[in-house]
Amino acid sequence: MNQTAMTRSAIVGKYRKEFPATKSLFIDFGGCVIETRVNSSELLADLNNYFKEFLIDADKGDILITAHECPAVDLGLEYTVKQPDPGKSKIKEEFHNLPDGRVVYKRLTGMIFIFGEGENIAIGPCIENSNQLINFINNRFIEFKLNNGCLLGHAAGVIENGRGIAMAGFSGMGKSTLALHLMSRGTTFVSNDRVMAEDNGDSLTMYGVAKQPRINPGTALNNPDLSCIVTPEDKKKFMSMSKEELWELEHKYDALIDECYGRNKFILKAPMSGLVILNWQRNNSETEIKIVDPKERKDLLPAFMKGTGLFYLPDSPENEMDPDVDAYADFLSKTTLIEISGGVNFDKAADACLRFMKEGKL
């Protein structure tokens with residue numbers, strides 16, 4: 001196929017014909033249903049297990065994705081390198097914009113993802129890289145919500161007593177750790193790392209992403225509900241390390257919510273009654289918790305703001321630019337913004353968050 005004549009629809013047609021995907025699962029993302037068709041029973045089983053909390057019986061979805069297990073393919077395209085995020089050095093992704101969509105090539109795995117104008121396809125060693133396929137499925141939902149007016153936030157989320165709270169923080173502040181502390185206090189999980197905030201006029205709704213938490217060893221060891229995911233050998237090794245060493249350790253565990261906290265403890269839609277910004281430090285100072293005005297504390301908002309990235313194609317010109325800090329400040333004026341500063345104290349932070357959700361006050 002000539003590169004200049006290559007289109008999304010031509011590539012999609014070729015690989016759907018060559019590797020027919022006939023096995024389906026339907027995932028309900030808080031009212032948006034995504035059908036994923038695959039050509040492998042093993043891949044279907046992997047996805048069914050990962051998304052089991054959100055599967056429904058349906059005949060048709062709002063969004064269709066096909067995933068084709070096959071050897072890595074070469075489309076013969078000239079790709080543009082996506083530069084690593086700040087603080088990272090390894091190049092992982094390249095992309096090529098087609099007349100009717102985009103191709104994203106995962107350099108380390110050979111996986112290819114193509115999307116645009118309602119068509120979505122994954123090609124390559126999907127079983128070996130099911131985590132990348134899971135991210136692609138979740139990104140189709142994120143794109144759907146952003147094209148319907150939501151703002152993207154880099155945050156975790158939980159709900160209790162009908163009141164949801166999102167938690168954001170500057171790099172390494174522990175938003176996922178705080179969310180899991182709250183889960184151990186009986187809350188229900190909404191999201192681990194991304195929320196889409198929807199304006200309801202005088203309040204906000206947050207939509208989570210069906211991505212299971214990935215946690216570091218320190219988080220697992222300090223939470224009895226999570227310690228079961230660490231092997232005895234690893235536990236012995238980590239227990240001999242200092243808090244600082246554990247904090248910096250580049251090692252992650254998948255913490256499946258249903259296995260750690262039980263069934264029906266993960267939903268993807270909740271009122272966004274509050275947003276916590278973790279702005280604390282690893283020292284012995286007193287932890288301070290206070291409500292602030294987002295329009296007066298715009299310095300905090302980059303902790304929540306998140307660029308849309310490679311896997312988002314806007315459906316209209318007004319969505320081509322990521323919202324600026326003023327747009328986030330206007331949006332977040334419809335919820336309660338809570339800053340937690342001073343020294344790190346997860347128990348005190350969890351107490352305040354739980355009190356806010358149960359009583360509507362700090």
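Biologist: Which residues do ring pairs link into a cluster?

Modeller: Ring pairs link F29, Y50, F51, F141 and Y207 into a cluster, where rings of Phe, Tyr and Trp (its six-membered ring) pair if their centres lie within 6.5 Å, with planes under 30 degrees apart counting as stacked, over 60 as edge-to-face and the rest as tilted. Please keep in mind that this is a predicted model, in which local features need pLDDT of at least 70 and side-chain atom pairs count only at pLDDT 80 or more, while totals for chains, interfaces and linings use all residues. Residues are numbered from 1 along each chain as its sequence is written, and side-chain values use heavy atoms, with hydrogens and water left out.

Biologist: How many aromatic pairs does the count come to by that rule?

Modeller: The count comes to 14 aromatic pairs. One of them joins Y50 and F51, whose rings are 5.3 Å centre to centre with 75 degrees between the planes, an edge-to-face arrangement.

Biologist: Are Y50 and F51 buried or exposed?

Modeller: Y50 counts as buried because its relative accessibility is 14%, and F51 counts as buried at 0%; the term buried means under 20% relative accessible area, exposed means over 50%, and partly exposed lies in between, with a 1.4 Å probe and protein chains only.

Biologist: And how do the rings of Y79 and Y105 pair up?

Modeller: The ring centres of Y79 and Y105 are 5.3 Å apart and their planes lie at 20 degrees, so this pair is stacked. The pair links distant parts of the chain, since Y79 is in the loop between β4 (63–69) and β5 (80–81) while Y105 is in strand β7 (residues 101–106), 26 residues apart. Y79 is partly exposed, with a relative accessible area of 22%, and Y105 is partly exposed, with a relative accessible area of 22% as well. As for the labels, helices (H or I, at least four residues) and strands (E, at least two) are DSSP runs, numbered from the N terminus.

Biologist: Switching to helices, at what angle do α2 and α3 cross?

Modeller: Helix α2 (residues 41–50) and helix α3 (residues 130–146) cross at roughly 60 degrees, and their axes come within 11 Å. That makes α2 oblique to α3, given that angles under 35 degrees count as roughly parallel, over 145 as roughly antiparallel, 65 to 115 as roughly perpendicular and the rest as oblique. The axes are lines fitted to C-alpha atoms, for helices over the stretch in contact, and the angles run from 0 to 180 degrees between N-to-C directions.

Biologist: Which residues meet there?

Modeller: From α2, L43, L47 and Y50 meet S130, L133, I134 and I137 of α3, where contact means heavy atoms within 4.5 Å. By class, this contact of α2 with α3 has six nonpolar, one polar and no charged residues, with Ala, Val, Leu, Ile, Met, Phe, Trp, Tyr, Cys and Pro counted as nonpolar, Asp, Glu, Lys and Arg as charged, and the others, Gly among them, as polar.

Biologist: How do α4 and α10 pack?

Modeller: Helix α4 and helix α10 (residues 346–359) pack at an angle of about 60 degrees, with their axes 9 Å apart. On the α4 side the contact is made by T177, L178, H181 and L182, and on the α10 side by F346, D347, A349, A350, C353, L354 and M357. The residues of this contact of α4 with α10 divide into eight nonpolar, two polar and one charged.

Biologist: Where is A179, and what does it touch?

Modeller: A179 is placed in helix α4 (residues 175–183), and its relative accessible area of 1% is why A179 is buried. Not counting residues up to four places away in sequence, A179 touches A156, V158, M167 and F189.

Biologist: Last one: is E53 buried or exposed?

Modeller: E53 is buried, with a relative accessible area of 17%, and is found in the loop between α2 and β3 (55–56). Leaving out residues up to four places away in sequence, E53 touches D258, G262, R263, N264, K265 and F266.
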